[in-house]
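Subject: Handing over a structure, with notes

Dear colleague,

I am passing the structure below on to you, and I would be glad if you could read these notes with it open beside you.

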There are 2 protein chains.
Amino acid sequence: MPFTQKEITYLRAQGYGRLATVGARGEPHNVPVSFEIDEEHGTIEITGRDMGRSRKFRNVAKNDRVAFVVDDVPCRDPEVVRAVVIHGTAQALPTGGRERRPHCADEMIRIHPRRIVTWGIEGDLSTGVHARNVTAEDGGRR
Amino acid sequence: MPFTQKEITYLRAQGYGRLATVGARGEPHNVPVSFEIDEEHGTIEITGRDMGRSRKFRNVAKNDRVAFVVDDVPCRDPEVVRAVVIHGTAQALPTGGRERRPHCADEMIRIHPRRIVTWGIEGDLSTGVHARNVTAEDGGRR
């Protein structure tokens, strides 16, 4: 599993994030999405009502590099931001979405984490940044 | 001004978003940032303590395409997401940041909106998506 228990708890509590992909002309795309964690495979799974026709899905089909951010601001003054940033590769899968969420399209995006950067997640809202690469031993994709 | 009054109200109330840029190898980067709206120029301005050395700043200096998302989830069940997505070009400016926020680095990023996509902002939390290009008449960059 590439995520720590604290990261899993945080990701589950938030439940949605923002997926950045890159389009055919090298332009970034960025959009809020709901997601689930597949603990068996150590992946992030993104489903949606119109997934197959969405820009993010078409971008991933041509360029598998993604950056996915889950964050929130638990305190405004002084401003405290917590975040998990997942850099990785993604698959644009033709099936599996409807099985996970019946009201969604069958297409889905599966993110394989390669590098995880977090701040404010390790319990103390410290501003320290934690960054690490995901290895095959963590359940990362070979 | 490229933004409607409702968009400005929403953007100001949120105060932070996620900036997607593209790196030298075509990989996306995505990170939460605070921002301000410059009403005179119709731009989004992003400052930070370590701006000049940040990945986002270096990415923008080499590839000016950005996608900036401001969103929140006002209701969890049923899930309602509100969002303003700004596609545009950005400048990696050497000065101006410290003048805006004294504790920040002097470097700053200025986003010029080219296309704005919103949902849930027009007062009724409707799921309708509003999308439009920014023209020179709106204050867009020529």
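The notes begin with conventions, then take up the meeting of the two chains, and end with some details inside each chain.

This is a predicted model, in which local features need pLDDT of at least 70 and side-chain atom pairs count only at pLDDT 80 or more, while totals for chains, interfaces and linings use all residues. Residues are numbered from 1 along each chain as its sequence is written, and chains are lettered from A, with ligands numbered from 1, in the order in which they are written.

**How the chains meet**

The contact between the chains takes 25 residues from chain B and 25 residues from chain A, where two residues are in contact if their C-beta atoms, placed from the backbone, lie within 7 Å. On the side of chain B that touches chain A, at least two residues each come from β1 (16–22), β2 (28–34), β5 (65–76) and β6 (79–93) of chain B, and β5(B) gives the most, with 7 residues. Helices (H or I, at least four residues) and strands (E, at least two) are DSSP runs, numbered from the N terminus. By class, that side of chain B has 14 nonpolar, 6 polar and 5 charged residues, with Ala, Val, Leu, Ile, Met, Phe, Trp, Tyr, Cys and Pro counted as nonpolar, Asp, Glu, Lys and Arg as charged, and the others, Gly among them, as polar.

**Strands of chain B**

Strand β7 (residues 108–119) of chain B runs antiparallel to β6(B), to which 11 bridges join it, and Val85(B) stands opposite Val117(B) in β7(B). Strands count as paired if DSSP finds at least two bridges between them. Strand β4 (residues 43–46) of chain B is also antiparallel to β7(B), with 3 bridges, and Ile44(B) has Ile111(B) as its bridge partner there. A further 5 bridges join β7(B) to β8(B), again antiparallel; Trp119(B) stands opposite Val129(B), and Ile116(B) is the bridge partner of Arg132(B). Strand β8 (residues 129–133) of chain B is hardly covered, since the count of buried residues among its 5 residues is 0. A residue is buried if 20 or more other C-beta atoms lie within 10 Å of its own, exposed if 12 or fewer, and partly exposed in between.

**Helix and loop in chain A**

In helix α1 (residues 5–14) of chain A, Glu7(A), Tyr10(A) and Leu11(A) are buried. Seen down the axis of α1(A), its buried residues fall within an arc of 95°, so they line one face of the helix; the arc is that of the directions from the helix axis to the C-beta atoms. On the other side of α1(A), Gln5(A), Thr9(A), Arg12(A) and Ala13(A) are exposed. The cover over the buried residues of α1(A) includes β3 (36–38), β5 (65–76), β6 (79–93) and β7 (108–119) of chain A.

Finally, Ala105(A) lies in the loop between α3 (97–100) and β7 of chain A, and Ala105(A) is partly exposed, with 18 other C-beta atoms within 10 Å.

With best wishes
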